[in-house]
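Work through the exercises below with the sequence and the coordinates open. Each task is followed by a solution in steps.

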There are 2 protein chains.
Amino acid sequence: MKPAADAKNDTSKRILDIAEQLLLTRGFNAFSYQHISSELGVRNAAIHYHYPKKTDLGVALIQRYRRRFQRFVDAQHTLAPQQQLERYFTLTDAYFEHDQQICPSGILTTEYQTLPPEMQAEANAFVDEMRDWAVRIAEAGRADGSMHYGGTPQAMGLLMLAALQGGLQLARTDQTVLPALKIQIRALLGLATPLP
Amino acid sequence: MKPAADAKNDTSKRILDIAEQLLLTRGFNAFSYQHISSELGVRNAAIHYHYPKKTDLGVALIQRYRRRFQRFVDAQHTLAPQQQLERYFTLTDAYFEHDQQICPSGILTTEYQTLPPEMQAEANAFVDEMRDWAVRIAEAGRADGSMHYGGTPQAMGLLMLAALQGGLQLARTDQTVLPALKIQIRALLGLATPLP
DNA sequence: GAAACTCTACTTACTGGTTAGTAAGGTGTC
DNA sequence: GACACCTTACTAACCAGTAAGTAGAGTTTC
């Protein structure tokens, strides 16, 4: 057994978990190491031991998102485009139901001008990856004849990403937003509402 | 002449102008009275004289947005739906071109959980008004036969609002976002790109 | 097998800067 | 002299970040 190595990983990971929750509900500028340390039951400096600068923590957070998102995408590359879109919707719903969290790309682009350059670079890459994925769904849906829409797949994917990012934010003022948005996106793609 | 009254109004208004710029580029949590006072060339306490609490300033900012937006909407109630949509696009472009500002509703809903209740209430009302306007455009466009889309006008208006709000944020990482989004929304509504 | 070491994961204690907000006073205008 | 509009001077809280020390577990050396 190696309790030392496990303990290190565990605290490091728990810091990321708490920071993620704070990031998606309050934003990067509106949470402090105090929030994390009091939640974790340790002192402030313990967080600095694992992530010396807040920038380090921010970069680690986005990098973990990128890895997780890549696994999410990889895990369903065999699914039909329509099913992939439904997974996308499910992911969006999950954010909202978890303390009205919003999409990470929404936080990062909204606070973009105040973020350190290292985080801006990670945010750029993350947004690119999310956009590419949305575009691939629109492309595949047109290619296999399951989705029917005007314009290019590039623009349609972008529109879906932008609408869901904005929709998650708007949902905080009105919880009927997300269901209506999902129905409308399906309607624009000529899709039927799927059976459970 | 009434220089006293003008001076009061002028300083008060200039504080709002500077605060607005800071809000739309940095967010409410990421600007301070110091930012405003140094920009304005006065001391910190002078800002507190006009807006005792930061909450007061925030509420005044949103209320001014609401008045301005209402005037914007009223000023074009005689225009055709398609022209109203183009005005909406122009408004969006103007935000982006002004130091990559984003939509006020985007900031307010993203920082929603950290805002004081008075600002949350104003934000709710503001988002409602923006949404209503988008819905009315979609309704009028369907009614006069100029726009053709699936789904309800309520959902279509919501989708346009959400997409433009998210799109303004995403445009910070890639400036080609907004043009593509506008083209796609027109395509989904069966509209031709208007001539200048 | 025990003393000496090294490393991880913290702690206490602190610095310097920023924050919103207040209290009291000054200055010019009606 | 009353009021609008500021100033100086301050408080208390919070912020990121650092320095130095410590407890304990594992590792090395004789």
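The conventions come before the exercises.

This is a predicted model, in which local features need pLDDT of at least 70 and side-chain atom pairs count only at pLDDT 80 or more, while totals for chains, interfaces and linings use all residues. Residues are numbered from 1 along each chain as its sequence is written, chains are lettered from A in the order in which they are written, and side-chain values use heavy atoms, with hydrogens and water left out.

**Exercise 1. Describe the fold of chain A and place its UniProt features.**

Step 1. Assign secondary structure from DSSP runs, numbered from the N terminus (helices: H or I, at least four residues; strands: E, at least two). Chain A comes to nine helices and zero strands.

Step 2. Take the extent along the principal axes: the C-alpha atoms of chain A fill a box of roughly 55 × 40 × 35 Å.

Step 3. UniProt lists "domain: HTH tetR-type" (unreviewed entry) at residues 9-69 of chain A and "DNA-binding region" (unreviewed entry) at residues 32-51 of chain A. UniProt positions are in the numbering used here, feature names are shortened, and annotations may be inferred rather than shown by experiment.

Step 4. Compute both segments. Residues 9-69 of chain A are 80% helix and 0% strand, with end C-alpha atoms 21 Å apart. For residues 32-51 of chain A the values are 75% helix, 0% strand and 13 Å.

**Exercise 2. Find the symmetry that relates the two chains.**

Step 1. Superpose by least squares on the C-alpha atoms of residues with pLDDT of at least 70 in both copies. Chain B is laid on chain A by a turn of 180 degrees and a shift of 0.0 Å along the axis, with an RMSD of 0.0 Å. The copies are thus related as by a two-fold rotation axis.

Step 2. Compare the two sides, with contact meaning heavy atoms within 4.5 Å. Of the interface residues of chain B, 100% are also interface residues in chain A, so the copies meet through the same surface.

**Exercise 3. Characterise the interface between chain B and chain A.**

Step 1. Count contacts: 44 residues of chain B touch 44 residues of chain A.

Step 2. Search for salt bridges (a side-chain nitrogen of Lys or Arg within 4 Å of a carboxyl oxygen of Asp or Glu). There are two between the chains; one of the pairs found is A:D174 with B:R131, at 2.8 Å, N to O.

Step 3. Assign the chain B side to helices. α1 (3-26), α6 (104-110), α7 (117-143), α8 (153-170) and α9 (177-188) of chain B each supply at least two residues, and α8(B) gives the most, with 12 residues.

**Exercise 4. Which salt-bridge partner does A:E122 have within chain A?**

Step 1. The partner is A:R66, the closest N and O atoms being 3.0 Å apart.

Step 2. Locate both residues: A:E122 lies in helix α7 (residues 117-143) and A:R66 in helix α4 (residues 54-74), so the pair, 56 residues apart, links distant parts of the chain.
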